[in-house]
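Trainee: I'd like to learn how to read a model like this one. Could we go through it feature by feature?

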Amino acid sequence: MLTARRATSIDDVRVATDLMSRAWQAGAPFVAATPAAVEWWHVVSADPLDAHLRLWDLDGGDVAWSWEEDGELEWHVWSGEPAHDPEILREILARTLADHRDATLGTWTAEDDAATIALLSDLGFRPEGRRLSQWLWRAAEPPPTPPVLSDGYRIRGLHGPDEIAARVELHRRAFPASRLTSTKYERVLEVPHYRFEDDLVVEAPDGSLAAFALGWWDPVGHVAEFEPVGTDPDQRRHGLARALLAHGLRRFFDLGATTVQVYSEASSAPAEALYEAVGFRRRAFHQRYEHPATTAAVRTAPAAVRSTP
């Protein structure tokens, strides 16, 4: 039987990240998230874990997680038996829809994942305009040589907790609509895959922080991700983000990464150009799908989803 439980501790975050690590390790064709996903969402959320993260268990083994927040559903399914994963996803979506009948629900899938697109359509989801680009750099290509920065600028990792306030200030300059706070950012200290040395920043000649690329390294899946990446508006057009990403790719290559991932809004021409220039290649566009608010019964999955004996 497929059962769900609300996450209650950082140990449950590890369960979710382990599922993603195993999918990357196995070469799953449509895996979209690294441990950075759940861990970063936990950092930026003001809520306890049980408000958003749910773990799904099939016959005694964890096979999926889902994250619900502000009418959006993120999910990852990896049972180790790919033929059963669509059935598991159908039940997760159906149960979530049953909980959101009076509210719109959005979710995402890669545009080349025909099976998931068919499932979403069957359940009443329809494509909505927003798209993301999933960019991958693979170790088959040598990492780029980091460009030389202007005199006085240097790339380094965050020194430690004493720099969290400055790091948050930089983030908010890069993303003015952000509600990130130092209190929230301190949650990075408890998540499994955060390391200060991977929280890459550019230090300006006056000692202030000018740009950042937060790296996340998964030594089990041999995959890394940059999330998020930003530059102080007053420091743009100096090539800082490009230098950070090139430096980070070299760093993760040396650690043994086979893949490094980053996402961008497909409508953001500067971001798209930046990642391509650094050496990332678009794996796929990801399309947002939306299910309208409804009081009608949704089509549910079978009552029991069985794994292979």
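Trainee: Which residues touch the most other members of the largest nonpolar core?

Mentor: First, the ground rules: this is a predicted model, in which local features need pLDDT of at least 70, side-chain atom pairs count only at pLDDT 80 or more, and totals for chains, interfaces and linings use all residues. Residues are numbered from 1 along each chain as its sequence is written, and side-chain values use heavy atoms, with hydrogens and water left out. A nonpolar core is a set of buried Ala, Val, Leu, Ile, Met, Phe, Trp, Tyr and Cys residues joined through side-chain atoms within 4.5 Å. Buried means under 20% relative accessible area, exposed over 50%, and partly exposed in between, with a 1.4 Å probe and protein chains only. Here the largest core has 33 residues, and Val38, Trp40, Leu53, Trp65, Tyr185, Tyr194 and Trp216 touch the most other members.

Trainee: Which elements give two or more residues to this core?

Mentor: Those are α1 (10–26), α2 (36–44), β2 (53–58), β3 (61–69), α5 (164–174) and β9 (209–218). The labels come from DSSP runs numbered from the N terminus: helices are H or I of at least four residues, strands E of at least two. There's also a second, separate core of 29 residues, and Leu200, Ala204, Ala241 and Leu249 are among them.

Trainee: What is Trp40 in contact with, leaving aside neighbours within four places in sequence?

Mentor: Contact means heavy atoms within 4.5 Å. On that basis Trp40 meets His171, Leu180, Tyr185, Leu214, Trp216, Glu227 and Pro228. Look at the last two as well: the peptide bond from Glu227 to Pro228 is cis, with omega near 0°. Pro228 sits in strand β10 (residues 223–231).

Trainee: How do I describe two packed helices?

Mentor: You give the angle between their axes and the distance between the axes. Axes are lines fitted to C-alpha atoms, for helices over the stretch in contact, and angles run from 0 to 180 degrees between N-to-C directions. Take helix α7 (residues 240–255) and helix α8 (residues 269–278): they pack at about 40°, axes 10 Å apart. That makes α7 oblique to α8, since angles under 35 degrees count as roughly parallel, over 145 as roughly antiparallel, 65 to 115 as roughly perpendicular and the rest as oblique.

Trainee: Which residues meet where α7 packs on α8?

Mentor: From α7 you have Ala241, Arg242, Leu245, Ala246 and Leu249, and from α8 Leu274, Tyr275, Ala277 and Val278. They divide into eight nonpolar, no polar and one charged. In that tally Ala, Val, Leu, Ile, Met, Phe, Trp, Tyr, Cys and Pro count as nonpolar, Asp, Glu, Lys and Arg as charged, and the others, Gly among them, as polar.

Trainee: Thr109 next: is it buried or exposed?

Mentor: Thr109 counts as buried, at 4% relative accessibility. It lies in strand β5 (residues 105–110). Not counting residues up to four places away in sequence, Thr109 touches Thr116, Ile117, Leu120, Phe285, His286, Gln287 and Tyr289.

Trainee: Where is Asp59, and what is its phi?

Mentor: Asp59 lies in the loop between β2 and β3. Its phi is near 50°, a positive value in a residue other than glycine. At 40% relative accessibility, Asp59 counts as partly exposed. Now try His222, in the loop between β9 and β10: it has a positive phi of about 55° although it is not a glycine.
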